[in-house]
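Trainee: Could you walk me through this one while I have it open?
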Amino acid sequence: MNSNNRSPDKTSIIMVISYPDNRLKKEMESLKKNGYDVQVVIWERGWPFPHSPDIKVKSFNINIPSGSIKSMFYFPLWWSFLIFELFKSNWDVVHAVNFDTYLFSLLVAKIKNKAIVYDIFDFYGDVLPSFLRNIVVTLDKYLLPYSNALILADDSRIEQIGGKIHSNIHTINNSPSEDLFDGKDMDNPGDEFVIFVGGKIIEQRSLDLLISAASQMDGVKLIILGHCSEPLYKARLLEWGEKMDNLEINLEGVPYQEIINGTREADLTIALYDPRIPNNRYASPNKLFEAMAAKIPIIVNENTSMADIVKNENCGLIIPYGDKTSLKNSITLLKDNPTLKKRLGENGRRAYEKKYSWSIMENKLVNIYNQVLNLEKSNQADGV
């Protein structure tokens with residue numbers, strides 16, 4: 001639907017993001033389903049963003065992978081494109097993802113006297129090189145209270161941003177939709193013990209350690225499906241793949257449904273994040289909630305927020321980061337003890353249904369928008 005011709009009784013939301021992300025897809029489809037007019041401005045970076053045909057998407061199409069240092073030189077072009085689209089389009093609320101869209105979205109929102117929702121998928125200051133980190137962190141913390149609502153991906157990120165420095169903070173976990181899992185057989189008997197890892201593949205997530213461990217284990221099959229934008233690391237992983245009979249690997253990027261299918265059909269998934277990197281300590285990645293929904297255990301490393309969730313829900317095992325012996329021992333324990341594997345998987349599924357399902361997150365998202373819009377109407381009526 002063209003925002004310039006939207007129905008007068010519909011609130012229009014423009015969602016902006018600098019890379020394709022399935023979390024945004026879930027959010028925009030949830031808002032659309034609940035009666036909002038939704039449009040998206042995105043930097044697709046050569047990785048097509050799947051979306052419903054009735055949601056208008058304006059894409060900036062320079063193919064620079066997310067995370068590549070080269071992308072820094074193209075951000076001025078992206079920001080120019082973003083500002084132009086924000087001024088040109090008609091909307092009532094801008095939903096800005098991460099600081100690299102929030103800064104300019106806030107500026108335009110204030111000029112147009114519109115509401116802004118700030119959704120932090122990743123706290124950018126903690127993923128930048130050290131010479132930029134302090135500048136971006138300081139500016140982000142200073143500006144984030146000016147949003148009408150702040151959304152975080154995990155409760156632990158309140159600590160990351162410096163405490164409750166915003167008066168309207170909400171958590172929406174990065175959970176998968178129920179319809180991807182419900183009504184399907186998720187018990188996976190088989191001759192091989194299948195370990196699946198899917199999604200973004202980068203060196204700090206220790207896939208080389210996992211591959212090395214799996215190469216030394218009998219009766220284990222390792223499947224890695226995702227996208228790797230680090231050429232040297234990608235070459236190293238693929239070289240492993242050529243040498244191992246029990247490794248299936250595809251690093252060119254696959255549809256999200258294949259990630260879900262791989263998780264559903266596996267016995268175990270792994271999420272190892274280097275805790276020396278500040279942003280990793282607060283990450284609660286979608287693969288954690290995908291494992292819960294699929295009723296399989298997960299192995300994570302200590303000193304991360306996801307380890308706290310795994311411990312509280314008793315849905316997996318926790319090991320030191322970079323410890324191959326602990327990793328092998330944990331895989332062996334789950335492989336040789338089907339009762340333990342089943343119990344941890346069932347614990348995760350129960351937690352997903354009670355606390356983390358996307359329908360729960362969708363209700364939170366809609367309530368946030370109802371609150372923001374009701375407050376905006378009240379302020380306008382009072383002449384604020």
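Mentor: Let us begin with Asn314, which lies in the loop between helix 11 (305-313) and strand 13 (316-319), and keep in mind throughout that this is a predicted model.

Trainee: What about the phi of Asn314?
Mentor: Asn314 has a positive phi of about 50°, although it is not a glycine. With a relative accessible area of 37%, Asn314 is partly exposed.

Trainee: And Asn113, where does it lie?
Mentor: Asn113 lies in the loop between helix 3 and strand 5, and it has a positive phi of about 55° although it is not a glycine.

Trainee: Is Asn113 buried or exposed?
Mentor: Asn113 counts as exposed, because its relative accessibility is 56% and the cut-off for exposed is over 50%.

Trainee: Let's zoom out. How many helices and strands does the protein have?
Mentor: The protein has 14 helices and 13 strands. Of its 384 residues, 55% are buried, and the accessible surface comes to about 16900 Å², with 50% of that belonging to carbon and sulfur atoms.

Trainee: What share of the contacts comes from residues 24 or more positions apart?
Mentor: Taking the contacts with a separation of 6 or more, residues 24 or more positions apart account for 66% of them.

Trainee: Back to strand 13, then. In what order do the strands of its sheet come?
Mentor: Six strands form an open sheet in the order 10-9-8-11-12-13, and the pairing is parallel. Strand 10 (247-250) and strand 13 stand at the edges with a single partner strand each, so one side of each is left without a neighbour in the sheet. On average, neighbouring strands of this sheet are turned by 20° against each other, with direction ignored.

Trainee: How many bridges join strand 8 to strand 11?
Mentor: Two bridges join strand 8 (residues 193-200) to strand 11 (residues 268-271), and these strands run parallel. Ile195 stands opposite Leu268 in strand 11.

Trainee: Which strands does helix 11 lie across?
Mentor: Helix 11 lies across strand 11, strand 12 (298-301) and strand 13, and it runs at about 135° to strand 12. Helix 12 (residues 324-336) lies across strand 8, strand 9, strand 11, strand 12 and strand 13, running at about 165° to strand 13.

Trainee: I have clicked on Gly226. Where is its place?
Mentor: Gly226 is in strand 9 (residues 220-227), and it counts as buried, because its relative accessibility is 4% and the cut-off for buried is under 20%.

Trainee: What is Gly226 in contact with, leaving aside its neighbours within four places in sequence?
Mentor: With those neighbours left aside, Gly226 is in contact with Gly199, Ile201, Asn250, Leu251, Glu252, Gly253 and Val254. Gly226 and Asn250 are 24 residues apart in sequence, and their C-alpha atoms are 6.3 Å apart in space.

Trainee: Changing topic: how many aromatic pairs are there?
Mentor: The count comes to twelve aromatic pairs. In one of them, the rings of Tyr36 and Tyr369 have their centres 5.7 Å apart and their planes at 55°, so the pair is tilted. This pair links distant parts of the chain, since Tyr36 is in the loop between helix 1 (22-33) and strand 2 (37-43), while Tyr369 is in helix 14 (residues 358-381), 333 residues apart.

Trainee: Are Tyr36 and Tyr369 buried or exposed?
Mentor: Tyr36 counts as buried at 7% relative accessibility, and Tyr369 counts as buried at 0%.

Trainee: What about the pair of Tyr102 and Tyr118?
Mentor: Tyr102 and Tyr118 form a stacked aromatic pair, at 3.8 Å centre to centre and with 5° between the planes. Tyr102 is in helix 3 (residues 99-112) and Tyr118 is in strand 5 (residues 115-120), 16 residues apart. Tyr102 counts as buried at 0% relative accessibility, and Tyr118 counts as buried at 0% as well.

Trainee: Which residues form an aromatic cluster?
Mentor: Trp43, Phe60, Phe75, Trp78, Trp79, Phe81 and Phe104 form one aromatic cluster.

Trainee: Last one: where does Lys26 lie?
Mentor: Lys26 lies over the face of Trp358, at 4.8 Å from the ring centre.

How values were computed:
Residues numbered from 1 in each chain as written. Predicted model: local features only at pLDDT ≥ 70, side-chain atom pairs only at ≥ 80, totals over all residues. Heavy atoms only, no water. Helix = DSSP H or I, 4+ residues; strand = E, 2+ residues; numbered from the N terminus. Buried < 20%, exposed > 50% of the residue type's maximum accessible area, 1.4 Å probe, protein only. Contact = heavy atoms within 4.5 Å. Areas by Shrake-Rupley, 256 points an atom, 1.4 Å probe, with all protein chains shown as cover. Phe/Tyr/Trp six-rings, centres within 6.5 Å; stacked < 30°, edge-to-face > 60°. Lys NZ or Arg CZ within 6 Å of the ring centre and 35° of its normal. Pairing = 2+ DSSP bridges. Axes fitted to C-alpha atoms, helices over the stretch in contact; angles between N-to-C directions.
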